[in-house]
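Hello,

Here is the structure for you to look at. My notes on it follow below.

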Amino acid sequence: MVERGDGGVTARAAKRRRPAVGEGRRGVVVAGVAVGLAGVVGLHEVIPNSPGRVGSLVESFLPWAGVVVVLLFVVALVRRSGVGLVALLLPVGVWVQGFGGLLLPEPAPGARELVVVQHNVSDENPDPAGTARALLAAGGDLVALEEVVGPALAVYEDVLRDDYPHHAVHGTVGLWSKYPIGEEQLVDIRPRAFEAGWSRGLRAVVRTPYGEVAAYVAHLPSVRVGVRGLASSPRDESARMLGDLVRGEKVRAVILMGDLNSTVDDRGLVPLTSQLNVAEHGFAFSYPAALPLARIDQVLARSADVSHIRTLPATGSDHLPVAARVTLGPLPPSDRPAP
């Protein structure tokens with residue numbers, strides 16, 4: 001029998017404590033991915049949009065970076081990577097700063113508030129009557145619809161008439177209101193390359209109990225994702241045209257509702273998001289209805305706050321409806337009624 005001295009025991013213990021080379025590398029990999037993810041979320045504006053409008057494509061799915069953080073956290077735990085866990089604090093902080101507010105509870109209803117319902121009802125909707133009844137249940141003050149075509153228009157008008165006695169329809173978009181509509185008109189947001197019959201925008205002045213509101217309903221051109229990236233030029237052009245119209249709007253309070261085929265983080269909507277407020281609470285992913293991945297159905301406002309936005313139950317459309325609470329700012333002295 002051979003006895004081993006303390007030196008042998010010490011050597012074996014040190015060997016057990018020493019991390020394997022692969023484990024150390026895995027920790028570095030997790031940390032590197034975490035730092036890179038934080039850079040993408042926090043500095044997405046500097047991602048070039050060429051080729052393939054990669055910047056817009058990344059921005060369309062920015063909230064999902066939170067899922068990647070969770071996966072990295074699990075990997076770091078399994079690998080017992082202290083370096084990885086510490087590094088994950090960076091993307092967590094950046095994500096919370098950008099999207100954490102959307103997770104906060106819905107605020108209590110306030111004064112001067114309108115409930116706005118927005119829905120792309122789909123031109124292939126097999127049940128427009130059922131869709132209209134579902135929208136009635138949301139109790140909105142304004143209802144904006146896109147892809148209102150053919151015989152379905154008469155169905156929407158019939159079902160919504162009693163609750164919304166005022167409405168305007170131009171092209172394939174419409175607005176239904178509980179309050180009187182003053183002036184209304186078609187707005188031209190047609191990209192230059194599109195045929196003359198393309199009509200997807202309207203403006204109406206709604207006389208609410210809280211003052212006049214310029215209500216815009218718009219359906220921006222669709223985008224496609226292919227091997228060459230994101231094809232969004234027509235949408236971006238249409239967004240710039242709509243932004244110019246909103247910038248020149250004389251009515252102080254503005255509410256824009258529509259299928260904008262873009263998230264509010266996408267730089268393609270900067271002509272709008274640079275001058276309109278976006279939702280403060282709620283993710284409300286609305287498309288596609290079967291597996292919602294992004295909110296492209298939007299409610300934006302000027303001289304008003306979109307305090308909360310949520311999705312409504314599915315209808316016969318490939319989009320989910322959304323309902324938003326919009327709190328109008330105080331009337332300027334010139335618009336207040338005399339005492």
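Cis bonds, backbone angles and ring pairs

P51 sits in the loop between α2 (21-42) and α3 (54-59); helices (H or I, at least four residues) and strands (E, at least two) are DSSP runs, numbered from the N terminus. This is a predicted model, in which local features need pLDDT of at least 70 and side-chain atom pairs count only at pLDDT 80 or more, while totals for chains, interfaces and linings use all residues. Residues are numbered from 1 along each chain as its sequence is written, and side-chain values use heavy atoms, with hydrogens and water left out.

The peptide bond from S50 to P51 is cis, with omega near 5 degrees. Another cis peptide bond joins Y287 to P288, with omega about -10 degrees, and P288 is in the loop between α10 and β11.

R80, in the loop between α4 (65-78) and α5 (82-87), is not a glycine but has a positive phi, near 55 degrees.

A search of the whole structure gives 5 aromatic pairs (rings of Phe, Tyr and Trp, the last by its six-membered ring, with centres within 6.5 Å; planes under 30 degrees apart are stacked, over 60 edge-to-face, the rest tilted). W95 and F99 form a tilted pair, 5.8 Å centre to centre with 45 degrees between the planes. Both lie in helix α6 (residues 89-99), 4 residues apart. The ring centres of W95 and F283 are 6.4 Å apart and their planes are at 25 degrees, so this pair is stacked. W95 and F283 are 188 residues apart in the chain. Ring pairs link W64, W95, F99, F283 and F285 into a cluster.

Regards
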